[in-house]
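Hi,

Here is the structure I said I would pass on. Have a look at it first, and my notes follow below.

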Amino acid sequence: MTNSYNDANVLIDVRDLKKQFGDHVVLNGINTQIRKGEVVVIIGPSGSGKSTFLRSLNLLEIPTSGEILFEGVNITDPNTDINVHRQKMGMVFQQFNLFPNMTVKKNITLAPVKLKKMTQDEADKRAMELLTRVGLPEKADAYPQMLSGGQKQRVAIARALAMGPDVMLFDEPTSALDPEMVGEVLTIMKELALSGMTMVVVTHEMGFAKEVGSRMIFIDEGVIMEENSPKEFFENPKNQRLKDFLSKVL
Amino acid sequence: MDKFINDLYQVFVYDNNYLYFVRGIRVTLLVTVLSLILGLVIGVVVAIIRASHDLQSPNHMNPVLGFFNIICKIYLTVIRGTPTMVQLLIMWFVVFASARSTDANLIRSAVLAFGINSGAYIAEIVRSGIMSIEKGQMEAGRSLGLTYVSTMKSVIIPQAFKNILPALGNEFITLLKETSIVTVIGLKDLTKGAMIIQGNTYQALVPFLAIALIYLALVMIIVKIMGVIERRLRVSDKQL
C-alpha cells in the first residue's frame, strides 16, 4: 500500500471511513490524518459517531468501507494481522476494563509477557516504573476492586503504556469518574502529552482540550463538521452546529 | 439386635463382601472423574464456539464458525434430548459391540458415554459464564494486541470459571450419582456391588442403605472441595 501523502509524520491516515449498523449510518465518510506528537481532541454530541470513529482506529469497530493506514500499513485490509498493529495502539476505555481477577501488576504485565515482548521479570520492572509514573506504585499487588475509579483509570493508562505504543486512544476516559477524580486522570494525560505521546482523545473536558490539544475535531452526524486549532475552534467556530454545541457545553 | 449384627456380618464380612464396596467406590470415582474431565474439555470447546458465534457482530458473521455452531447445536439437542441410559446402552452394545467384556473396556465405554453426555450440560454452563463477562474485557484484551483465543484463555475463561463454579459443582454431583446406571452394562461400580451382595445374601436393607450413605459421603466431600476452590478464587473480590 503506498501512501500518497508521502508525509513521514503521518501516523494514522483515515480515508473516507464509513460505518453502518444495519440501515443506521454512524460514520459517513471521515477523512483525517493524525501526525506524530499530535494531541487530537474529538468532541461532538452523543450519538454523533465520535466513539465509533475512535474505536475504528484500532478496528474494535470494523469499518463498512474506507481505509485506515497506520504507520503506512492498510490495517483495514483483511489480510493484515491487526493484532501486530494493535500492540502499537494503546487504548483507554470509559469503563476502564481492567481485568478484575488479576492484580494491578498482572494487569500491566499480561500482554507484554504473553506477546513475548518481555520476560516476566522485565515486565514486572516496567510495571513498577509505569505505576510510579501514574503515582500508584503501592497498589501493585492490589486487585482492581480495591481501587477508586480514578486509580483504576490510571492503572488502565499504565497497562496501555506497557506495550510501548506509538499512539494512545482515549475513549471518554473521565466520563465514568466521580468529579473529584477527573483531575488526577487528566493530570496523567497532560504529562503523557507533554512527553510527546501521540494521542487521540474523545472527551467532554474542554479545559483539557484547550490546554493540551494541538487540534480539535468536531464530529456530528457521522462526518467531521469542523477541524481546527483549539484557539480558532473555541474562539471563532464557523460551523453552526459547532456553535450550538459549544454554547451548550461551555 | 442379633439379627441386625448378623445382617451386617453377612453383608460386609462374610466372604470378604466389603471388597465389593471398596472396588465399587474405586470404579464409581474413576468413571466420575474421568467423565468430568472429558465433559469439561468438550464443554469448554463447544461453549467457546457457541459463545463466539453468538457474540459476533451481525454484519460480520464468520461462515466457518457458523458451520461449527450448527454441529454443536445438533450435539446439544441429541445428547440433551435422549436418556443417559440409552446413550450408555448404545455406547456399549453398539459402538463397543466388538469389544471384549473386560473391566477396562466397560470403563472406557462408560467414561465416553458420560463424558459426552455431561459435556453437553457443561457446555451450556460454560457458555452462560462466558456470556456473563462484560464485552469490555474482550475489547481490553484485543486492544493490547492479544489474539481472540489468547484473550479467551487468559482473561475471559478464568473469570467465567469463577462465576460458574457452583453450577459445575452441581454437575459434578449429578454425574457421580448418575454413574450408578452403569449397572445396566455390567460394570461393577458401587451400585452393582450392592446388587451382587443382595443376590448372594438375600438382603436388601443393609447393602442399599450402605451405598446410599457412601454416595452421600462422597457428595459431601465434593461439596467441601468445591467450597475451598470457590473461596480461593474469591480473593480478587475483596473490597477496600
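**Where the chains meet**

Across the interface of chain A and chain B there is one salt bridge. It joins the side chains of Arg55(A) and Glu139(B), with N to O at 2.7 Å. Before you zoom in on that pair, keep in mind that this is a predicted model.

As for the rest of the interface, four residue pairs are in polar contact across it, both partners being at pLDDT 80 or more. On the chain A side, at least two residues each come from strand E1 (10-21), helix H2 (82-86), strand E6 (89-92), helix H3 (104-114) and helix H5 (149-161). H3(A) gives the most to that side, with three residues. By type, the residues of chain A that touch chain B divide into 17 nonpolar, eight polar and four charged.

How many residues are in contact on each side? There are 29 from chain A and 26 from chain B. Together the two chains bury about 2300 Å², and 57% of that is on carbon and sulfur atoms.

**The six-stranded sheet in chain A**

Now to chain A itself. One open sheet has six strands in the order E6-E7-E8-E3-E9-E10, with mixed pairing. E6 and strand E10 (223-228) of chain A are the edge strands, each pairing on one side only. From one strand to the next, the twist averages 20°.

E9(A) and E10(A) make a hairpin with two residues between them, and Glu221(A) in the turn has a positive phi of about 50°.

Two helices lie across this sheet. Helix H6 (residues 179-194) of chain A lies across E3, strand E7 (167-171) and E8 of chain A, at about 145° to E8(A). Helix H9 (residues 240-249) of chain A lies across E3, strand E9 (215-220) and E10 of chain A, and its angle to E9(A) is about 100°.

**The four-stranded sheet in chain A**

Another open sheet has four strands, ordered E2-E1-E4-E5 (chain A), and its pairing is antiparallel. At the edges are E2 and strand E5 (73-74) of chain A; each has a single partner strand, so one side of each has no neighbour in the sheet. Helix H1 (residues 50-57) of chain A packs on this sheet and touches E1, E2 and E4 of chain A, its direction making about 125° with that of E1(A).

On one hand, E1(A) pairs with strand E2 (residues 24-35) of chain A in the antiparallel sense over nine bridges. Asp13(A), for example, has Gln33(A) in E2(A) as its bridge partner. The hairpin of E1(A) and E2(A) has two residues between the strands, and Gly22(A) there takes a positive phi near 65°.

On the other hand, E1(A) also pairs with strand E4 (residues 65-70) of chain A, again antiparallel, over five bridges. There Ile12(A) stands opposite Phe70(A), and the partner of Val14(A) in E4(A) is Ile68(A).

**Salt bridges overall**

Over all chains, the structure holds 19 salt bridges. One of them pairs Lys190(A) with Glu211(A), and their closest N and O atoms are 3.3 Å apart. Lys190(A) is in helix H6 of chain A and Glu211(A) is in helix H7 (residues 206-212) of chain A, so this pair ties together parts that are 21 residues apart in sequence.

**Chain B**

Taken along the principal axes, the C-alpha atoms of chain B fill a box of roughly 75 × 55 × 25 Å.

Cheers

Methods: Residues numbered from 1 in each chain as written. Chains lettered and ligands numbered in written order. Predicted model: local features only at pLDDT ≥ 70, side-chain atom pairs only at ≥ 80, totals over all residues. Heavy atoms only, no water. Contact = heavy atoms within 4.5 Å. Buried area = accessible area lost by both parts, 1.4 Å probe. Salt bridge = Lys/Arg side-chain N within 4 Å of Asp/Glu carboxyl O. Polar contact = N/O pair within 3.5 Å; in protein donor to acceptor, adjacent residues only side chain to side chain. Nonpolar A, V, L, I, M, F, W, Y, C, P; charged D, E, K, R; others polar. Pairing = 2+ DSSP bridges. Axes fitted to C-alpha atoms, helices over the stretch in contact; angles between N-to-C directions.
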